[in-house]
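This briefing covers the fold of a single chain, its sheet, and a few individual residues. The points are grouped by topic.

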Amino acid sequence: MTRSALTTPPPDAVLPRPLPGGPAPGAALGSHYSGCFGCGADHPTGLRLTAVTPDGVTVVATFTVGTAHQGAPGLAHGGVLATAMDEVIGMLVWLFQRPYVTARLETDYLAPVPVGTVLHMRAWCNGMSGRKAYLEAEGRIGSPDGPVAVRAAALFIEVGMEHFAEHGDAQAIIDEHHEYEVNP
């Protein structure tokens, strides 16, 4: 994937390290909140991503493409695949234990993804500089070693929690606060 200047880390960017008290390697990551379209178990047509961190600085996740996720008959909608990439990257920044929002998402589609496919996704950080995190993700068809169907590069920006209270549902944040929950 060729990244734009906006998703390429500057030379002074540093790589994240696992944080003290963060999820243990292999630990399942919870949802941002139960109604989240990407990872919430209570969203009726959501992606319901399930994710783990193998090492405290990357995330692996799966998403099964259902009929509610199709664009062309029998194929995943490109916007849904972009959402899956944004979500797995959003789960990765959750490991940094600070709130982030998507500022830019670049998505490359390499192969069609049929309904019924299990998409195996992986997200990692290429560097952090100030409030910016430079991230990438890929989605593979059928297995973690399967063909790459979609790739993404992103720029996420750290924000204060007041951002979510001011622009979202503050009560939902309070009601569903998790020990590491910082990115509802």
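Two strands count as paired if DSSP finds at least two bridges between them. With that in mind, Ala61 stands opposite Met121 in β5. The model is a predicted one, and the chain holds 3 helices and 7 strands.

**Overall make-up**
- Read from the N terminus, the elements follow the order β-β-β-α-β-β-β-β-α-α.
- The chain has 184 residues, and 43% of them are buried.
- Of the contacts with a separation of 6 or more, 68% are between residues 24 or more positions apart.
- The accessible surface amounts to about 8,700 Å², and carbon and sulfur atoms contribute 56% of that area.

**The sheet**
- The 7 strands make an open sheet with antiparallel pairing, in the order β1-β2-β3-β5-β6-β7-β4.
- β1 (27–29) and β4 are the edge strands; each has a single partner strand, so one side of each lacks a neighbour in the sheet.
- On average, neighbouring strands of this sheet are turned by 25 degrees against each other, direction ignored.
- Helix α1 (residues 78–94) lies across β1, β2 (50–53), β3 (59–64), β4, β5, β6 (132–141) and β7. The angle between α1 and β4 is about 135 degrees.

**Strand β3 and its partners**
- β2 and β3 form a hairpin with 5 residues between them. In the turn, Gly56 has a positive phi of about 85 degrees.
- The antiparallel pairing of β2 and β3 spans 3 bridges, and Val52 has Val60 as its bridge partner in β3.
- β3 also pairs with β5, in the antiparallel sense and over 6 bridges; Ala61 opposite Met121 belongs to this part of the sheet.
- Side chains alternate along β3: those of Val59, Ala61 and Phe63 point to one face and are buried.

**His120 in β5**
- His120 lies in strand β5 (residues 118–129).
- With a relative accessibility of 18%, His120 counts as buried, because the cut-off is under 20%.
- The His120 side chain reaches the backbone oxygen of Gly142 at 3.4 Å.
- Apart from neighbours within four places in sequence, His120 is in contact with Ala61, Thr62, Glu138, Gly139, Arg140, Gly142, Ser143 and Pro144.

- Gly116 sits in the loop between β4 (100–109) and β5.
- Leaving aside neighbours within four places in sequence, Gly116 is in contact with Thr64 and Val65.
- Gly116 and Ala76 are 40 residues apart along the chain, and 9.2 Å separates their C-alpha atoms.

**Cysteines**
- How many disulfides does a search of the whole structure find? The search finds 0.
- Cys36 is buried, at a relative accessible area of 10%.
- Cys125 is also counted as buried, at 9% relative accessibility.

Note on methods
Residues are numbered from 1 along each chain as its sequence is written. This is a predicted model: local features need pLDDT of at least 70, side-chain atom pairs count only at pLDDT 80 or more; totals for chains, interfaces and linings use all residues. Side-chain values use heavy atoms; hydrogens and water are left out. A disulfide is a pair of cysteine sulfur atoms within 2.5 Å. Buried means under 20% relative accessible area, exposed over 50%, partly exposed in between (1.4 Å probe, protein chains only). Helices (H or I, at least four residues) and strands (E, at least two) are DSSP runs, numbered from the N terminus. Contact means heavy atoms within 4.5 Å. Accessible areas come from the Shrake-Rupley method with a 1.4 Å probe; for residues, only the protein chains shown count as cover. A polar contact is a pair of N or O atoms within 3.5 Å; within protein, one must be able to donate a hydrogen and the other to accept it, and residues adjacent in sequence count only if both atoms are side-chain atoms. Axes are lines fitted to C-alpha atoms, for helices over the stretch in contact, and angles run from 0 to 180 degrees between N-to-C directions.
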